[in-house]
Amino acid sequence: MEYDLWPQKKTEGLNLLLGLSSRPEMQPIIFGVVLIMYLMTVLGNILLVVVACSDPVLQTPMYFLLSQLSIIDISLTTITVPQMLVHTLSVDRSISYNCCMTQLFFFMAVGSMEVYLLGTMAYDRYVAICDPLRYSAIVSHSLCLRITLTSWVIVNLHSLLYSVLITRLTFCGNQVTHFFCDITPLLKLSCTRPVVNEMLIFTEGVVVVGSPFFFIWGSYVRIGIAIAHMHSFAALRKALSTCGSHILVVLLLFGSLARMYLKPSSSYDLDQDRQVAIFYTLISPMLNPLIYSLRNQDVKGALWRLFRKLHISDWLSDKQRMRNKLMRTKG
């Protein structure tokens with residue numbers, strides 16, 4: 001399955017190789033499965049955003065960051081999956097060069113932003129566990145907002161740099177071996193080995209994306225030391241429960257990123273990278289709401305209160321309609 005990127009000129013178009021299956025009879029099944037997963041991802045993360053923003057118990061910096069992570073997951077999936085769904089059942093799988101570059105820019109910006117959000121969440125957990133008495137004085141909504149806005153500036157500049165360098169390459173074909181425009185298959189399409197781009201990935205890319213990673217693990221080393229000195233079982237259990245979900249999400253994300261990008265374009269493997277990309281762009285965003293809700297008592301309690309409120313609202317509305325109907329009948 002392919003998209004057309006740029007047959008002769010860059011502005012004419014690209015062919016994207018979807019590669020989810022080479023069997024036409026499998027396409028409707030793939031379409032249905034991916035569509036269900038996409039809807040689950042969007043609805044699950046929207047629900048988490050609504051709960052984090054509406055429940056009074058969750059009006060803390062930690063859940064503000066969690067709601068931002070859910071918005072990032074929705075954005076990351078929406079940048080790639082709807083296009084994949086259209087091309088799964090479409091004969092014409094062409095995408096314009098400008099659309100491809102736009103998708104590349106937003107995908108890299110949003111993907112990098114997720115890394116910075118996880119780093120900020122690690123700092124939040126570090127202060128909450130290692131310096132709980134000063135937590136409210138150190139970590140505030142305004143601080144989280146400033147960090148978030150600064151992170152957006154950094155990742156947008158980072159993404160813009162890569163996008164500009166990609167546009168300066170000369171391509172020797174129009175077959176992009178992926179289901180969306182990502183940097184690795186585009187580098188693979190270059191007529192000559194893109195040494196500058198690869199050097200940038202292993203230098204600037206490692207600094208920009210790797211810095212939050214090392215910050216996260218530095219924070220958890222300090223958290224581990226603090227947990228080791230805890231004498232209260234309740235405090236130990238609470239610390240582990242709040243950190244466990246975050247650690248799992250960090251491992252899923254950075255494992256995928258390392259597998260996708262920390263290698264030369266010459267070692268690009270379509271089948272393996274396609275599987276990792278599916279996991280990173282669809283499965284991981286779908287799992288994040290489950291990871292944070294099932295392992296977090298505050299989120300589960302907020303979900304229960306929201307559902308109970310909606311149920312009571314529906315019951316009161318039905319009761320009011322019956323009362324109005326009865327009054328009209330008597331009248």
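Predicted model: local features only at pLDDT ≥ 70, side-chain atom pairs only at ≥ 80, totals over all residues.
## Salt bridges

A salt bridge is counted here where a side-chain nitrogen of Lys or Arg comes within 4 Å of a carboxyl oxygen of Asp or Glu.

Because Asp 55 lies in the loop between helix 1 and helix 2 (61-88) while Arg 305 belongs to helix 10 (residues 297-330), the pair ties together parts that are 250 residues apart in sequence. Asp 55 is buried, at 7% relative accessibility, whereas Arg 305 is partly exposed, at 29%. A further salt bridge links Asp 124 with Arg 125, where the closest N and O atoms are 2.7 Å apart, and both of these residues are buried.

## Overall architecture

The protein chain contains 10 helices and three strands, and its elements follow the order β-α-α-β-α-α-α-β-α-α-α-α-α from the N terminus on. Of its 331 residues, 48% are buried. Among contacts between residues at least 6 apart in sequence, 76% join residues at least 24 apart.

The accessible surface of the chain comes to about 16800 Å², and carbon and sulfur atoms account for 68% of that area.

## Buried positions in the helices

Helix 3 (residues 97-130) has 34 residues and reaches 50 Å from its first C-alpha to its last, close to the 50 Å expected at 1.5 Å a residue. This helix is mostly covered, with 26 of its 34 residues buried.

Thr 41 is placed in helix 1 (residues 27-54) and is buried, its relative accessible area being 0%. Leaving aside residues up to four places away in sequence, Thr 41 touches Thr 77, Leu 282, Pro 285 and Met 286.

## A nonpolar surface patch

Val 153, Leu 157, Leu 160 and Val 164 form a nonpolar patch on the surface, and together they have about 360 Å² of accessible area. Leu 157 lies in helix 5 (residues 141-167) and counts as exposed because its relative accessibility is 57%, the cut-off for exposed being over 50%. An α-helix has 3.6 residues a turn, so residues three or four places apart point the same way.

Key
Residues numbered from 1 in each chain as written. Heavy atoms only, no water. Helix = DSSP H or I, 4+ residues; strand = E, 2+ residues; numbered from the N terminus. Expected span 1.5 Å × (residues − 1). Buried < 20%, exposed > 50% of the residue type's maximum accessible area, 1.4 Å probe, protein only. Patch = residues over 30% accessible without salt bridge, like charges linked within 9 Å, V, L, I, M, F, W, Y side chains within 5 Å. Areas by Shrake-Rupley, 256 points an atom, 1.4 Å probe, with all protein chains shown as cover. Contact = heavy atoms within 4.5 Å.
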